[in-house]
Amino acid sequence: MVRRKVSGDELIRAVDELLSAGYRLALVAAHDDGDTLRIVYLLLAGQPDRRVELTFTTDAASPSVPSLGHLSIPAGRFEREMMDLYGVVPQGHPQPRRLVRHGHWPQEWYPMRRNAGQPPPFPAAGRFPFLTVDGPGVYEIPVGPVHAGLIEPGHFRFSVIGESVLRLKARLWFVHRGIEKLFEGRTALGAAGSVELAERISGDSAAAHSLAYSLAVEEALGLAAPEHVHRLRALLVELERLYNHATDLGALANDVGFGLANAHAQHVRERLLRINRRVTGHRLLRGAIRPGGVVLQELPEPDELRALAHEVAEISELTLRNTVVYDRFAETAVLTRDDARAIGCLGYVARASGLATDSRLDQPTTTLPVALVTGTSGDVLARYAIRRDEFAASVALACTLIEDHRGPLRCDSPLRSATVGNSGVGIVEGWRGAVVHRVEVDRAGRITRCKVVDPSWFNWPALPVAMADTIVPDFPLANKSFNLSYAGNDL
């Protein structure tokens with residue numbers, strides 16, 4: 001890790017140079033140090049793993065930072081987040097609108113500041129200033145934030161002519177939970193509470209988030225986990241990838257009325273969840289990963305996983321051989337390679353648009369025979385095919401990890417920190433894409449700051465872009481093809 005302190009002019013120049021050299025902006029974290037606010041920018045590049053942290057300091061009484069929004073779409077969104085939660089003003093931002101805080105949040109209350117205190121009274125909610133699209137025959141369709149079923153809240157506003165979508169605006173952060181604030185003061189090592197919180201950031205990504213948190217703590221405290229621990233953890237992340245991809249393959253078919261494929265896929269999902277329970281004691285893989293260790297009850301049977309891979313291949317063939325399904329998938333909700341790159345997309349969304357990005361290769365914790373799967377068309381069909389092919393590749397990887405395993409399944413002995421009062425970064429290729437945690441630990445071994453970035457943070461802005469030139473009835477299908485986490489976004 002290269003770490004540098006920079007001034008305002010140096011910040012813009014350094015980030016511009018790094019982005020031009022192929023780095024991506026993975027994280028921007030503000031820290032309230034009392035009289036000053038410290039802003040940390042983490043940029044990553046892969047193969048080989050390269051990491052750069054730039055630190056900019058500003059006065060806490062009137063905090064500001066030179067905006068990088070003209071260089072990077074993700075940078076502009078991170079800056080708007082800091083403006084809402086810390087009161088840091090991004091000077092020269094091209095669109096300095098609120099992002100996290102809705103209009104009825106108190107104007108001068110910044111919940112992540114040390115002196116924020118209890119929330120003041122919230123006034124009655126007013127109308128959100130959506131951009132209105134005018135013209136003959138143009139009308140709006142509001143959807144949400146309350147949806148049918150158990151889906152979390154999000155508001156989507158369509159500007160439509162006939163059935164064609166002219167513009168889609170997504171509004172999130174209806175259930176901002178203060179997750180990063182909840183980490184503060186928790187013991188980094190030796191207490192289950194911190195890991196349990198990480199596991200619950202986004203329920204379907206418990207293994208990825210708990211591992212990213214654990215890796216960050218290990219780096220901050222100078223801990224080195226044994227090689228077999230890294231490989232067992234990698235196995236758990238692959239098991240998480242399997243049950244989620246199987247679920248999505250069925251749900252995508254179901255969204256175009258092909259319930260037969262969905263029924264078979266949900267059967268596969270249930271069998272995978274039962275494997276998870278046998279392996280870890282929990283269907284969602286909670287409780288198995290912690291800083292310095294991993295605890296498994298048993299290893300999965302490779303032949304059982306290979307049989308499920310064969311079944312998923314049959315389900316996928318059955319789905320795509322249906323001409324009605326294929327026609328609904330093909331050329332629907334296209335996200336081009338250039339748009340995916342500019343937005344900073346990650347995971348299967350990026351790979352379906354032709355971007356070869358995977359943290360298992362770019363920022364590895366152990367050497368893995370990862371088969372990188374990419375597409376080119378960037379449509380629903382490509383995002384379906386990526387999931388299908390990644391399921392097969394993930395089974396192959398999991399079987400290799402199982403059959404090559406040497407050593408115990410349990411490594412949870414108390415570990416002593418080699419250093420105190422430091423920072424660390426954990427990066428994991430979750431099933432949606434790269435999960436990043438950055439922690440700072442004080443000399444008492446307590447978390448003073450934990451910045452979390454779920455891949456959905458990067459991928460949500462791509463959904464409205466992909467919906468351009470589509471029709472309203474295709475929105476549920478397009479939305480499911482991205483399958484983004486509200487919880488991972490609304491921290």
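This is a predicted model: local features need pLDDT of at least 70, side-chain atom pairs count only at pLDDT 80 or more; totals for chains, interfaces and linings use all residues.
View 1. The chain is divided so that domain 1 covers residues 2-91, while domain 2 covers residues 202-452.

**View 2. The interface between domain 1 and domain 2.** Where the two domains meet, 23 residues of domain 1 are in contact with 18 residues of domain 2. The area buried between domain 1 and domain 2 is about 1600 Å², and carbon and sulfur atoms give 50% of that area.

View 3. Five salt bridges are found across the interface of domain 1 and domain 2. In the model, Glu81 also forms a salt bridge with Lys451, and the closest N and O atoms of this pair are 2.9 Å apart.

**View 4. The side of domain 1 that touches domain 2.** At least two residues of this side are supplied by each of the strands β2 (24-32), β3 (36-45) and β4 (50-59), and likewise by the helix α2 (73-86). Of the elements on this side of domain 1, β2 gives the most, with six residues. When the residues of the side that touches domain 2 are sorted by class, 13 are nonpolar, three are polar and seven are charged.

Note on methods. Residues are numbered from 1 along each chain as its sequence is written. Side-chain values use heavy atoms; hydrogens and water are left out. Domain bounds come from an automatic or database domain assignment. Contact means heavy atoms within 4.5 Å. Buried area is the accessible area (1.4 Å probe) that two parts lose on being put together, summed over both. A salt bridge is a side-chain nitrogen of Lys or Arg within 4 Å of a carboxyl oxygen of Asp or Glu. Helices (H or I, at least four residues) and strands (E, at least two) are DSSP runs, numbered from the N terminus. Ala, Val, Leu, Ile, Met, Phe, Trp, Tyr, Cys and Pro count as nonpolar, Asp, Glu, Lys and Arg as charged, and the others, Gly among them, as polar.
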